[in-house]
Amino acid sequence: MDFVTNCAADVADQFWAQTRNGLTLGSIYAMIALGYTMVYGVLQLINFAHSEVFMVSTVAALYAIPFFGVTEGDPATGLSAVLIFIAVLVCCMLASGLVALLLERLAYRPLRKRGAPRLSFLISAIGASLFIQYLFVLMDGEHYLFPIRGIADPLGMPLMIIGLALAVVAGGLLLAGVRRGEAGWVDAGTLTGFGGLAALIAGLVFVVKLPDILGPTPQSVPELFATSTVFTLLGTPISNKRLLVVVVTVIMLVILDNFVRKTRMGRGIRAVAQDPQAASLMGVNINRVIVVTFLVGGLMAGAAGLLYQTVLSAPAFWFIGFRPGIKAFVAAVLGGIGNIRGAILGGLLLGLVEAYAVPCIGTQWIDVTAFVVLVIVLLFRPTGILGEQAGG
Amino acid sequence: MSERAPTGTHSSEASFTERRRSWQRAYRAQLQRTRMKRAAGSRALRQRIAQEAAPVTTAWANGRAWVNDHSKLTYPVIGVVVIAIAALLPLLGDFVDLPTELEQATSGSVLARVMLFALFALGLNVVVGFAGLLDLGYVAFWLMGSYTAAILTGAQSYSRQIQGGASFGDVQEPEFQMWMWLILFIALGVAVLTGIALGSPTLRLRGDYLAIVTLGFGEILRITANNLTGVTGGPRGVTSIPHPAIQVGDVEIIWGTLLDTKYYWLLLGLVVLWIIAIRMLDQSRIGRAWVAIREDEVAAASMGVPVVRMKLAAFAIGACTAGVGGVIYAEQVNFINPPTFSLIQSILILAMVVLGGMGSITGSIVGAAALVIIPDALLRGQDEYRFFLFGLVLVVVMIFRPQGLVPSKRRKAELVGGEGDSPLAEA
């Protein structure tokens with residue numbers, strides 16, 4: 001009993017501070033959980049690689065923040081801080097969105113076309129997750145994927161030019177092929193197009209020296225703006241960063257809710273989540289819906305990645321996605337997977353539970369909480385708090 | 001070419017959309033024709049090859065039929081020959097001059113790793129391949145086995161005293177060599193109990209949820225091993241786990257060091273034992289129950305298969321395999337710490353099972369051999385490359401050869417013939 005009373009006293013002591021921490025962390029979990037829950041709603045698939053989509057966002061921040069002129073120890077202030085934050089946010093969201101799209105295209109769609117069993121999707125997702133993580137480890141510019149930097153660097157510009165030329169040729173071939181109705185020309189055009197794209201990306205990689213993108217050690221990201229206390233609520237100081245997290249989350253969630261409930265595409269997403277075959281008979285383009293779902297999930301994870309990085313001053317690190325990712329999944333299950341509002345509720349709840357657990361069991365045990373919560377929820381209410389609900 | 005798209009000749013008043021539609025129609029028709037032509041061509045080529053190779057294939061088929069017809073005689077003989085070749089493999093380098101890579105690949109230590117992971121893959125194969133339960137926390141049972149050995153031999157208290165500043169002369173280094181065999185059985189029991197403890201509340205869950213819960217369980221055990229310093233030695237790990245030995249009268253066999261080839265033979269023996277046991281299980285009532293559960297749980301339950309009990313059995317068998325492997329691992333390496341048992345190891349073993357072919361015993365061994373030897377011997381053990389390749393292998397295998405390198409006959413039939421249970425198969 002001693003433990004319980006001590007614990008209660010500790011929690012009561014730090015109640016508001018922990019509530020604040022829990023809500024900020026919970027908002028981030030909620031944003032990542034949306035990606036899991038939407039993809040699950042549409043595809044009945046746990047997108048195991050979603051944590052890597054999140055991780056890519058921190059890497060994008062590592063590159064975008066210095067690009068906009070903010071360096072270590074020289075944070076931006078005033079209006080410029082706001083503008084730079086928005087610009088970096090857009091970059092991070094785009095990077096994550098792109099990775100989510102690539103995942104869908106390369107790891108899931110081929111399986112979908114072949115009608116693979118569900119286990120295959122999960123295994124493919126694990127593989128993609130591993131692949132992305134270690135791709136960043138290997139791209140450290142000195143030892144691994146690009147051991148010949150001295151040779152690789154001058155190749156950048158020529159490669160980009162070749163890539164552009166190939167892209168032009170591909171465009172011509174495609175156009176001519178479509179006009180003449182010649183499949184062979186279109187195939188050649190597509191092939192050339194992919195070659196051009198590959199050359200362009202490779203050239204870009206060499207020119208911007210992306211080879212030293214991450215490597216096996218965590219890279220500290222420059223602080224975007226300095227931490228300051230905005231106001232004090234119930235004796236708890238609220239910093240500008242924590243406020244930012246909540247504000248951005250609320251804005252994003254409102255936009256998402258409107259998107260899913262009011263637009264045509266949102267209706268398509270809900271329709272596919274309810275019954276893919278009926279939806280496709282009603283003229284919903286399922287492939288497009290799936291792509292958009294992945295994209296939206298990726299954009300959310302991108303925003304979450306930057307916010308996570310900003311609030312916790314987390315480094316960019318190839319393994320950083322694992323914990324937030326798994327906890328966001330727990331949050332999605334907690335609220336009822338496939339259910340968008342459930343994901344938000346679950347995220348906030350999990351954040352709060354973790355925050356209140358900190359004074360009792362200490363930070364080294366904190367990761368256990370999420371899993372214990374998961375097991376308990378699955379045992380007593382496998383469909384989550386709000387229940388599995390298609391799309392809505 | 002009758003459907004050739006009307007292009008310039010098309011009347012200019014037709015809207016752009018209509019023209020685009022007609023292009024698209026023509027393009028699809030053309031695409032269809034090209035594809036059919038290609039398919040016909042490749043079919044002809046395949047027939048031609050089949051014709052040319054007919055004598056060889058018939059001879060092979062006849063041979064196989066003979067071997068199958070006399071299976072009482074031939075199977076044991078083949079088994080003994082294969083085991084003998086496998087056992088003599090590490091000695092190959094002593095007699096023949098091999099290229100460096102091959103010599104590396106057939107060295108006792110690499111082969112012992114192959115066998116260790118083959119054991120793990122066999123165990124996980126029972127869970128994933130036979131019963132169709134995706135277990136992402138398999139490393140938890142390995143951890144239980146290794147820590148059981150570490151604690152029961154006294155290595156844990158010894159290394160804690162040494163780390164606490166005791167001089168080497170003051171504390172007795174653990175010498176439990178003969179007891180190691182008993183510990184093997186104790187660890188087996190502990191792992192089975194862990195498997196049942198994890199399984200009984202969670203096995204009612206659907207596939208995806210089970211995967212995540214088992215993953216969580218593996219992480220919980222690792223974090224616990226890291227934090228419960230008093231019991232497990234915490235993040236500094238346990239050192240000086242004794243090697244096993246056999247001393248009966250004049251006979252004395254001592255497993256010496258990490259590189260000792262005797263470990264390979266020990267593990268080979270275990271793997272052979274396990275293969276026989278698992279084959280028997282697979283062909284028994286239990287094996288058929290697993291297949292039924294994997295194919296359709298509801299149908300299996302309604303036909304009277306005790307679903308939960310059978311799933312628990314699969315879990316327990318997988319767990320005890322990992323427990324035994326864990327003891328041997330701890331003895332061989334002498335040192336364990338929590339990061340040894342991270343999630344990546346579970347995924348690695350899963351990759352072996354998937355690559356080899358889920359549900360296939362030969363496949364598990366081939367998968368383990370491929371994923372240990374290739375990185376160890378050819379990439380000189382750079383873990384980053386290894387995991388990078390695993391990721392790639394998992395995705396590519398799932399796309400192009402979901403049944404694995406050496407597919408099991410049952411599963412192959414199911415994967416080729418079935419429609420798949422994805423509702424979006426045709427989307």
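Good morning. I begin with the interface: 64 residues of chain A are in contact with 57 residues of chain B, where contact means heavy atoms within 4.5 Å. In chain A, A:Ile123, A:Leu130 and A:Arg179 lose the most area to chain B, together 11% of what that side buries. Buried area here is the accessible area, with a 1.4 Å probe, that two parts lose on being put together, summed over both. Between chain A and chain B it amounts to about 5500 Å², with carbon and sulfur atoms giving 73%.

A word on conventions. This is a predicted model, in which local features need pLDDT of at least 70 and side-chain atom pairs count only at pLDDT 80 or more, while totals for chains, interfaces and linings use all residues. Residues are numbered from 1 along each chain as its sequence is written, chains are lettered from A and ligands numbered from 1 in the order in which they are written, and side-chain values use heavy atoms, with hydrogens and water left out.

How many salt bridges are there between chain A and chain B? The count is 0, a salt bridge being a side-chain nitrogen of Lys or Arg within 4 Å of a carboxyl oxygen of Asp or Glu. Helix α5 of chain A, residues 118-138, supplies the largest share of the side of chain A that touches chain B, namely 16 residues. Helices are DSSP runs of H or I with at least four residues, numbered from the N terminus.

I turn now to two residues of chain A. A:Asn47 lies in the loop between α2 (15-43) and α3 (50-67), and A:Glu104 lies in helix α4, residues 78-113. They are 57 residues apart along the chain, yet their C-alpha atoms are separated by 9.4 Å. Is A:Asn47 buried or exposed? A:Asn47 counts as buried because its relative accessibility is 1%; buried means under 20% relative accessible area, exposed over 50%, and partly exposed in between (1.4 Å probe, protein chains only). A:Glu104 is likewise buried, at 1%.

Leaving aside residues up to four places away in sequence, A:Glu104 touches A:Arg109, A:Arg112, A:Ile290, A:Val291 and A:Phe294. With its neighbours within four places likewise set aside, A:Asn47 has contacts that include A:Tyr36, A:Leu103 and A:Phe294.

Just after α3(A), A:Gly69 takes a positive phi of about 90°. Thank you.
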